[in-house]
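This report looks at a few backbone features and at one strand with its neighbours. Please view the sequence and structure first.

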Amino acid sequence: MEEEHDGSINIPVGNQVFDLAFHPGEDIVYAGLLTGEVKAFKYHDDGSYEQAFSIRPTKRSCRGLAVNAEGSRLYGVTKDRTIEIIDTTTGKVLDSKAGAHDDPLNRVLPTLPYQLATGDDEGIIRLWDTRTLSSSSAPTHTYSHHSDFISDFLWLEDKKQLVATSGDGTLSVMDVRSKRTEPAAQSEDQEDELLSVVAIKGGTKLVVGTQLGILSIFDRKKGYADIVDRIPGHPTSIDALLPITADVIATGSSDGLIRFVQIHPTKFLGVVADHGEFPVERLRLDRRGKWLGSASHDEVVKLTDVEGALEESDDEGEKDEDDEDSDEDDEEMTDAPSDEPEPAAPAPAPAIAGRALDADSDEEEQPQKKKRKKKKKGGAGGDKQQQQRAAFFSGL
């Protein structure tokens with residue numbers, strides 16, 4: 001039976017949280033709200049917190065947030081197609097780029113030291129030079145190969161590549177140093193909306209969360225045309241992913257639960273937090289790897305203490321021959337059943353009742369998720385006990 005780990009800080013913010021971000025050098029969390037507000041809170045290990053600032057650059061929702069590497073600038077992207085540049089210390093808006101896209105913005109991510117990526121509801125991705133980003137600047141690149149909303153970004157530092165997932169069912173990879181406006185690679189249509197993406201196994205594999213509740217695995221060595229494995233077990237869509245260790249990820253699902261899942265060998269480790277009946281749509285980890293931040297529709301920023309879960313077993317980080325053989329077996333994508341039974345999926349959460357939106361916000365729900373035909377793939381990898389993780393989760 002899955003139980004909840006109760007070490008958490010619940011920060012009420014007064015409205016639905018669309019995204020959150022942590023400061024890279026201080027214990028500060030930022031939240032972007034449906035009302036257009038951006039709020040900052042200082043938090044402490046004893047569970048206390050205080051508000052650092054609150055601003056409202058726009059009356060339309062702030063859908064995405066990102067902090068630069070130095071921690072001096074906070075970038076917010078909004079439904080009214082604006083990029084807001086905010087001083088992280090004072091909370092003042094330093095500049096705004098209105099009309100950054102032709103459609104509402106949904107995602108933002110710093111890439112190179114002076115580069116910012118943004119994605120919108122119609123699948124357009126643009127790159128910006130942050131040294132010159134202002135009300136009059138133009139994007140350095142515009143990519144139009146996706147046909148539906150950009151759901152997530154991932155930065156691959158080793159190759160200086162930007163990975164994007166989309167509601168059109170494909171994943172794409174862009175070389176941001178190239179002048180080309182075509183992707184370096186794009187997957188086949190996975191016949192399911194791709195909602196989130198993270199890298200694991202030292203960046204050699206990508207895990208993608210989908211509308212049908214499947215974790216899809218891409219192997220970078222085998223290219224991005226198609227997945228090499230698929231892991232069922234979530235009863236509803238996987239809207240958010242977060243890497244915890246080299247082979248453990250946190251998943252945020254529309255059933256309101258935040259789970260820890262080990263990948264290759266595959267094991268559902270437990271539920272570490274939940275947002276009740278509301279979907280979990282954003283996950284972030286703070287600079288110390290102690291507090292997992294999550295955002296949902298319940299009008300709180302939830303910080304969950306996961307420090308004990310980050311203790312890895314002694315042999316992790318050293319890939320032995322047996323593990324390599326196991327990975328190769330996983331990539332064969334056979335339909336043979338695993339040695340142990342697949343974990344039973346929890347019962348679906350009850351339907352979420354509609355809620356009245358802020359009168360001056362006029363916001364809609366997240367980009368429309370469409371039901372797509374499920375694509376058949378091979379089975380998931382087998383289970384393997386990890387002693388130290390088992391000790392942590394035995395107390396959940």
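## A cis peptide bond

Proline 265 lies in the loop between β24 (257–262) and β25 (267–274). The model is predicted, and in it the peptide bond from histidine 264 to proline 265 is cis, with omega near 5 degrees.

Lysine 160 sits in the loop between β14 (150–156) and β15 (161–166). This residue is not a glycine, yet the phi of lysine 160 is positive, near 55 degrees. Lysine 160 counts as partly exposed because its relative accessibility is 22%, and buried would require under 20%.

Glutamate 299, in the loop between β27 (291–295) and β28 (300–305), also is not a glycine and has a positive phi of about 65 degrees. With a relative accessible area of 26%, glutamate 299 is partly exposed.

Strand β3 covers residues 28–33, and six of the six are buried, so the strand is largely enclosed by the rest of the structure. In a regular strand, side chains alternate between the two faces of the sheet. In β3, Ile28, Tyr30 and Gly32 point one way, while Val29, Ala31 and Leu33 point the other way.

Strand β2 (residues 17–22) runs antiparallel to β3, and five bridges join them. Leucine 20 stands opposite alanine 31 of β3. The hairpin from β2 to β3 passes through five residues.

Five bridges also join β3 to β4 (residues 38–43), again antiparallel. Here glycine 32 has valine 38 in β4 as its bridge partner. Four residues lie between β3 and β4 in their hairpin, and glycine 36 in the turn has a positive phi of about 95 degrees.

Conventions:
Residues numbered from 1 in each chain as written. Predicted model: local features only at pLDDT ≥ 70, side-chain atom pairs only at ≥ 80, totals over all residues. Heavy atoms only, no water. Buried < 20%, exposed > 50% of the residue type's maximum accessible area, 1.4 Å probe, protein only. Helix = DSSP H or I, 4+ residues; strand = E, 2+ residues; numbered from the N terminus. Pairing = 2+ DSSP bridges.
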